[in-house]
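Good morning. Please have the structure open on your screens while I talk.

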Amino acid sequence: MVADRVYTETAQRARAALAGVQPAPGVAKPDPILLADKVKKNFGGVTAVDVDHIEVQRGSITALIGPNGAGKTTLFNLLTGFDTPDTGEWRFDGRSLAKVVAHKTASMGMVRTFQLTKSLTKMSVIENMKLGATHQVGERWWNGLFPFRWKAQEKLIEQRADQLLQRFKLDHMRNEYAGTLSGGQRKLLEMSRALMTNPRLVMLDEPMAGVNPALKQSLNEHIRGLRDDGMTVLFVEHDMDMVHDVSDWVIVMAEGRIIAEGTPEAIAANPAVIEAYLGAHQGKSLLGEETPS
Amino acid sequence: MDWLKILENTVSSLVGIDAAYFALAALGLNIQFGYTGLLNFGQAAFMACGAYGIGMTAQYFDVSMWYGIPIALAFVVILSLLVGIPTLRLRADYLAIVTIATAEIVRLFVRSVRFKRFFGGSDGINSFSTQFRDLSPFDPSKQYGFRPFQYSGYTFWTLIVAWCLVGIFGVVVFYLMRSPWGRVLKAIREDEDAVRSLGKNVYSYKMQALVMGGVIGMFSGMVFALDRGSVQPDNYSRDVTFYVLTALVLGGVAKVSGSIVGPMIFWGLYVFSDNTLRELTRDGGISVFGVGLLQKSQVGPVNYMLIGIGLMLLMTFRPQGIFGNRKEMALDGR
């Protein structure tokens, strides 16, 4: 698996930057785009997230993994303002994000997707895309009434949307309702719609969930493509093959905390991670016999 | 049975004043409910804002009736903020509950004895439309139009003003909804978290939709008040909101044509069934084998029952309404 992996120039650069980083939970990175401190969130008596320190390296693809209920999505929600933490402080690109509401983070260059895709089903694919563009003149109602004030901008937005649709191979569905797309296509639409905001950090919540194997390969390519275009990617995923294939760095969460960090190769061999996923008795058959592998 | 008379009444009610002020109210409600997905069950309160705005201006301030429009606008904005600030952050159902309560509060407030000095209590405000009447270029003692569209000068004038307003706001809503602004509203209806993640201030857009729909509803209330020449608090109770909503769904939500034609058909049906029942019971009640089926005095309630059955059938067999999009409806199940 590892041998098959082809490292592009940006991948090599990202790897090189992370080469000297100690594989320890909450370790400092040379050039973090996102960093958070003491982020804590309780739901009733349950501590969903209790992260002391986390940094995401600029220009890299970082995977956030962990068993179900580890708090990955909650951390996503906290970082993007969709949920408010009990305590904590975090910065994006040098700017504090505490008390910044969800819609502001997107205009700052940090965009997210959702675990359950949120395609706007009763709107066409191209309308979905055009919605993503930020700073639209025609989104103020007093301009909306006068098409000559926003038509020019709309044209540019539409061109950009069409380019992205082509790149994500959705151009043949351009004028269909988004509700008619397949699950995988919806993931692609959501990702390309997020790119319409011109983000610097793209946060993908389980991009592979519900995507068929054939589409997975191309989705991998697309995610690598984001890094090639200079974006930073942070994604939550359960699909280990994918994590292995595309990520430069892996952060492992369990029970709300970060338990391990490191390169994908190091993480795969980390006993703490294996224990978190499978329990202490991993590798042993329940019947006490050797498991065929 | 005088079928000709029934038919004439029905046809003329299609473009009657009731249809016109319903169309205005439905256009406003359509922005909120149809496009943005805000379940506003208090449209009657916004209509009351318009009616009381214009009524109070003429009654108390002794200024031109045109001042009624800014005063009513102020009422609408205050009401929208009062309702919207606490509830627009919540899920749609909560807005429905709050708006229905707000509309009732507004009605009970203006009809209260304590504020009789300002709002006229349960008698409302009367005889304030002289200025509007004076603007009319038509002779009030003459009949205008041709059968079945025959109206007295004043009604004819009100009708023209009302349908002009419907036309203007129809065009405004049509263009707004084709703009990027309208796109954001429709996206909010679909999934507001997605819109938020793309950097739009969902809360502010919802507020804009609430106010804009309220303003159109306000003009509806004005037209209604000017036509009747009086403002009665009980004309702005829950049932008005629900009839408007019904008319809107009948026409098809999220369509400008639907919110104009829906009310026309609603009133057409209403008048047709009402007139038919009245004609049937003109010479006493109907009875089958000596069992009384329908008395003259029961026509009103029975008429509403029939309309209710008709609407149930409509929702079963054509849930998207007359102008709605079947394809869009089908996407809902996913």
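I will go through the contact between the chains, the core, a sheet and a helix. Keep in mind that this is a predicted model.

Start with the two chains. On one side we have 27 residues of chain B, and they are in contact with 29 residues of chain A. Which elements of chain B give two or more residues to the side that touches chain A? They are α8 (153-178), α9 (180-190), α10 (192-197), α11 (202-228) and α15 (326-330) of chain B. The largest share comes from α9(B), with eight residues. Sorted by class, this side of chain B has 11 nonpolar residues, 10 charged ones and six polar ones.

Next, the core. In soluble globular proteins, nonpolar side chains tend to be buried together. Here the largest nonpolar core has 177 residues. Within this core, A:Val252 and B:Leu24 touch the most other members. The element with the largest share is α11(B), which gives 15 residues. From chain A, the core draws at least three residues from domain 1 (1-70 + 91-101 + 239-278), and at least three from domain 2 (111-198).

Take B:Leu24 and ask what it is in contact with, leaving aside neighbours within four places in sequence. The list is B:Leu165, B:Val166, B:Phe169, B:Ile216, B:Phe219, B:Ser220 and B:Val223.

Now please turn to chain A, for the sheet. Six strands form an open sheet with mixed pairing, and the order is β6-β7-β8-β3-β9-β10. At the edges are β6 (110-112) and β10 (257-262) of chain A, each pairing on one side only. On average, neighbouring strands are turned by 20° against each other, direction ignored.

In which sense do β3 and β8 of chain A pair? The sense is parallel: residues 61-65 of β3(A) and residues 232-236 of β8(A) pair over four bridges. If you want a position to look at, A:Ile61 stands opposite A:Val233 in β8(A).

Why is helix α2 (residues 72-79) of chain A described as largely enclosed by the rest of the structure? Because seven of its eight residues are buried. The buried residues of α2(A) are A:Lys72, A:Thr74, A:Leu75, A:Phe76, A:Asn77, A:Leu78 and A:Leu79. After α2(A) comes A:Gly81, which has a positive phi, near 80°.

That is the end of my part.

Key
Residues are numbered from 1 along each chain as its sequence is written. Chains are lettered from A and ligands numbered from 1 in the order in which they are written. This is a predicted model: local features need pLDDT of at least 70, side-chain atom pairs count only at pLDDT 80 or more; totals for chains, interfaces and linings use all residues. Two residues are in contact if their C-beta atoms, placed from the backbone, lie within 7 Å. Ala, Val, Leu, Ile, Met, Phe, Trp, Tyr, Cys and Pro count as nonpolar, Asp, Glu, Lys and Arg as charged, and the others, Gly among them, as polar. A nonpolar core is a set of buried Ala, Val, Leu, Ile, Met, Phe, Trp, Tyr and Cys residues joined through C-beta atoms within 7 Å. A residue is buried if 20 or more other C-beta atoms lie within 10 Å of its own, exposed if 12 or fewer, and partly exposed in between; C-beta atoms are placed from the backbone. Domain bounds come from an automatic or database domain assignment. Two strands pair if DSSP finds at least two bridges between them. Axes are lines fitted to C-alpha atoms, for helices over the stretch in contact, and angles run from 0 to 180 degrees between N-to-C directions.
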